[in-house]
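I opened my notebook to look up a few things in this structure. Come along as I jot them down.

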Amino acid sequence: MAGSEDQKFSLQEVLDTFKLCLSENKEVYLEQYVAGWRGLVKFLNSLGSVFGFISKDAVGKIQILVNYMNGENASHYATVQSMVKYEVDNNLVDVNKKGSHPESGCRTLLRLHRALRWLELFLDRLRTSTEDSKTSALCAEAYNESLAQHHPWMIRKAAGMAFLVLPGRQTFFEVMNVGPPEQVVAKLGEALPLISEVYQITEDLYAQHNMLDLP
């Protein structure tokens with residue numbers, strides 16, 4: 001069945017996509033960024049409903065960006081840099097917390113950007129974990145260092161409960177569809193610096209425009 005095959009997560013695919021994310025002068029292509037996120041959503045979904053609260057939100061955010069990328073101002077939404085410039089120049093971003101642009105591309109991407117940090121930290125902990133490491137603890141640590149700071153108490157509490165029922169390390173490694181554990185670890189070692197670079201470039205750009213706390 002082609003359908004179920006399409007739904008399968010492939011770490012290699014995400015690696016390839018994030019490789020294509022950066023232009024020669026280190027601009028972040030939105031199309032590849034969104035494609036990378038589609039892969040990460042498959043990863044979240046393949047672990048059952050545990051991460052539903054994050055994957056559903058990510059899917060919604062991806063759709064908003066896709067609409068911009070296919071819309072009448074598509075040329076401005078080719079890279080994260082061109083999007084930021086266009087939206088800032090045209091006052092399409094709530095820098096002053098007025099709440100009049102809740103679906104700006106900049107705000108939408110910021111939500112994915114924060115979640116990307118959590119996944120990056122979590123996957124890095126998985127990469128360096130040992131057989132008896134508890135995935136629930138690894139995931140909670142990564143979450144507390146990243147996304148938790150932007151979530152209200154109720155969501156933090158729900159997330160904490162969700163992490164407790166995470167499958168073991170072996171299941172995570174199987175979900176990656178790469179092969180034996182040592183290959184997964186090697187593949188993560190390749191993928192994470194790419195994800196990290198895309199994250200850092202976006203982070204610096206947002207910091208430069210004082211947009212890391214868009215409401």
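**Pockets and a helix pair**

I began with the second largest pocket, whose volume comes to about 170 Å³. I kept in mind that this is a predicted model.

Next I looked up its lining. The second largest pocket has 13 lining residues, and R114, R117, H150, Y199 and E203 are the ones nearest its centre. Sorted by class, the lining of the second largest pocket has 5 nonpolar, 4 polar and 4 charged residues.

Then I turned to the largest pocket, with a volume of about 270 Å³. It is lined by 15 residues, and D57, R111, L147, H150 and H151 are the closest to its centre. Here α4 and α6 each supply at least two lining residues. The lining of the largest pocket splits into 8 nonpolar, 2 polar and 5 charged residues.

The axes of α4 (residues 52–69) and α6 (residues 105–127) come within 9 Å and cross at roughly 140°. I therefore wrote them down as oblique to each other. The crossing of α4 past α6 is left-handed.

Which residues make the contact? From α4 I listed I54, A58, K61, I62, I64, L65 and Y68, and from α6 I listed G105, R107, T108, L109, R111, L112 and W118. My last entry is the class count for the contact of α4 with α6: 9 nonpolar, 2 polar and 3 charged residues.

Methods:
Residues are numbered from 1 along each chain as its sequence is written. This is a predicted model: local features need pLDDT of at least 70, side-chain atom pairs count only at pLDDT 80 or more; totals for chains, interfaces and linings use all residues. Side-chain values use heavy atoms; hydrogens and water are left out. Axes are lines fitted to C-alpha atoms, for helices over the stretch in contact, and angles run from 0 to 180 degrees between N-to-C directions. Helices (H or I, at least four residues) and strands (E, at least two) are DSSP runs, numbered from the N terminus. Angles under 35 degrees count as roughly parallel, over 145 as roughly antiparallel, 65 to 115 as roughly perpendicular and the rest as oblique. A crossing is left-handed if the near helix is turned anticlockwise from the far one by less than a right angle, and right-handed if clockwise. Contact means heavy atoms within 4.5 Å. Ala, Val, Leu, Ile, Met, Phe, Trp, Tyr, Cys and Pro count as nonpolar, Asp, Glu, Lys and Arg as charged, and the others, Gly among them, as polar. On a 1 Å grid over the protein atoms alone, a cavity is a set of points where a 1.4 Å probe fits but cannot get out, and a pocket is an open set with protein on both sides within 12 Å along at least five of seven lines; lining residues have an atom within 4 Å of a point. Grid points are joined across faces, edges and corners, and a volume is the space filled by probe spheres set on the points.
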